[in-house]
Amino acid sequence: MIGLIGGTFDPIHFAHLRLAEEAREALRLDAVWFVPNAKPPHRAPPVASAEHRAAMVARAIADAPAFRLERCELERRDQPSYTVVTLETIRQRVGAATPLFWLIGADAFAGLDRWHRWQALLSLAHLVVATRPGTPLAEATLAPALRPLWTARRTPDAVATADRLPPAGWVIALAITHLAISATAIRDRIASEKSVRYLLPDAVLGYIEHHRLYRKDHEVV
């Protein structure tokens, strides 16, 4: 069973890592793959280059045997980084029988109906929606197109039965530790010459400092 977490990772920080770790533990995943975007279709282009962002992910997960860097989106740099295409690529690689779990935040899930070919996602993987403890995702906050999917495909007992789930098809709500850390705030603090220690791994901070990423005098990297 493989978890997948996508994002720009510009830079990767402890909230990304904690989501991956808590999902790995709760769902008894064999591995979690980090998938850096090349050209995110729903947000501004990353500040750091693809290679810098991949290098930061590699350093962040170097001591975690269950975590790995997946470069399939970086290999398609001339195309938008659509999740459905990524899942099709990975599904072809791992085969039809391997359960895949795509990890997303509640905010991202609430806008899922704007994703490219979003209706095909559940034929390729389960969707694991990260929520705050004590703050479950409310159906009323979802777009009308998503409410039938949430009602029909949500499995409340996924944590207890994760190892018996099929390869794809379910929406799993998973309460995780809330860490109010954002890559935007980290970049802004670096540009303002403020400390970002304890917001991201020391190995990533060292890489940022060595390459002078996100500084005012080096905004495009």
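## A walk through the predicted model

Modeller: Welcome! In this predicted model, let's start at strand β2: Ala 31, Trp 33 and Val 35 point one way, Val 32, Phe 34 and Pro 36 point the other way, and all are buried.

Biologist: Which residue of β2 is the bridge partner of Gly 7?

Modeller: Strand β1, residues 2–7, pairs with β2, residues 31–36, in the parallel sense over six bridges. Within this pairing, Leu 4 stands opposite Trp 33. For Gly 7, the bridge partner is Pro 36.

Biologist: Thanks! Which strands stand at the edges of the sheet?

Modeller: The sheet is open, with six strands in parallel pairing and in the order β3-β2-β1-β4-β5-β6. A strand at the edge has a single partner, so one side of it is left without a neighbour in the sheet. Those strands are β3 (67–69) and β6 (171–175).

Biologist: And what angle does the direction of helix α3 make with that of β4?

Modeller: Neighbouring strands of the sheet are themselves turned by 30° against each other on average, direction ignored. Helix α3, residues 83–94, packs on this sheet and touches β1, β2, β3 and β4 (100–105). Its direction makes an angle with that of β4 of about 155°.

Biologist: Now to Ser 81: is it buried or exposed?

Modeller: Ser 81 sits in the loop between β3 and α3. Leaving aside neighbours within four places in sequence, its contacts are Asn 37, Ala 38, Lys 39, Pro 40, Pro 41 and Glu 73, and a polar atom of its side chain lies 2.9 Å from the backbone nitrogen of Ala 38. The cut-off for buried is under 20% relative accessible area. Ser 81 has 5%, so the answer is buried.

Biologist: Which element gives the most to the largest nonpolar core?

Modeller: That core has 40 residues, and those with the most contacts inside it are Ile 12, Val 32, Phe 34, Met 56, Phe 101 and Ile 208. Elements supplying at least two residues each include α1 (14–27), α2 (50–60) and β5 (126–131). With seven residues, the element that gives the most is α1.

Biologist: How many residues are in the second, separate core?

Modeller: This core includes Ile 2, Val 35, Leu 112 and Leu 142. The size of the second core is 30 residues.

Biologist: What arc do the buried residues of α7 cover around the axis?

Modeller: In α7, residues 183–191, the buried ones are Ala 183, Ile 186, Arg 187 and Ile 190. An α-helix has 3.6 residues a turn, so residues three or four places apart point the same way. What covers the buried residues of α7 includes α8 (202–211). They lie on the same side of α7, because their arc is only 95°.

Biologist: One last one: how far apart in space are His 211 and His 52, C-alpha to C-alpha?

Modeller: His 211 is in helix α8 and is partly exposed, with a relative accessible area of 29%. In sequence, His 211 and His 52 are 159 residues apart. In space, their C-alpha to C-alpha distance is 8.9 Å.

Terms used. Residues are numbered from 1 along each chain as its sequence is written. This is a predicted model: local features need pLDDT of at least 70, side-chain atom pairs count only at pLDDT 80 or more; totals for chains, interfaces and linings use all residues. Side-chain values use heavy atoms; hydrogens and water are left out. Two strands pair if DSSP finds at least two bridges between them. Helices (H or I, at least four residues) and strands (E, at least two) are DSSP runs, numbered from the N terminus. Axes are lines fitted to C-alpha atoms, for helices over the stretch in contact, and angles run from 0 to 180 degrees between N-to-C directions. Contact means heavy atoms within 4.5 Å. Buried means under 20% relative accessible area, exposed over 50%, partly exposed in between (1.4 Å probe, protein chains only). A polar contact is a pair of N or O atoms within 3.5 Å; within protein, one must be able to donate a hydrogen and the other to accept it, and residues adjacent in sequence count only if both atoms are side-chain atoms. The arc is that of the directions from the helix axis to the C-beta atoms. A nonpolar core is a set of buried Ala, Val, Leu, Ile, Met, Phe, Trp, Tyr and Cys residues joined through side-chain atoms within 4.5 Å.
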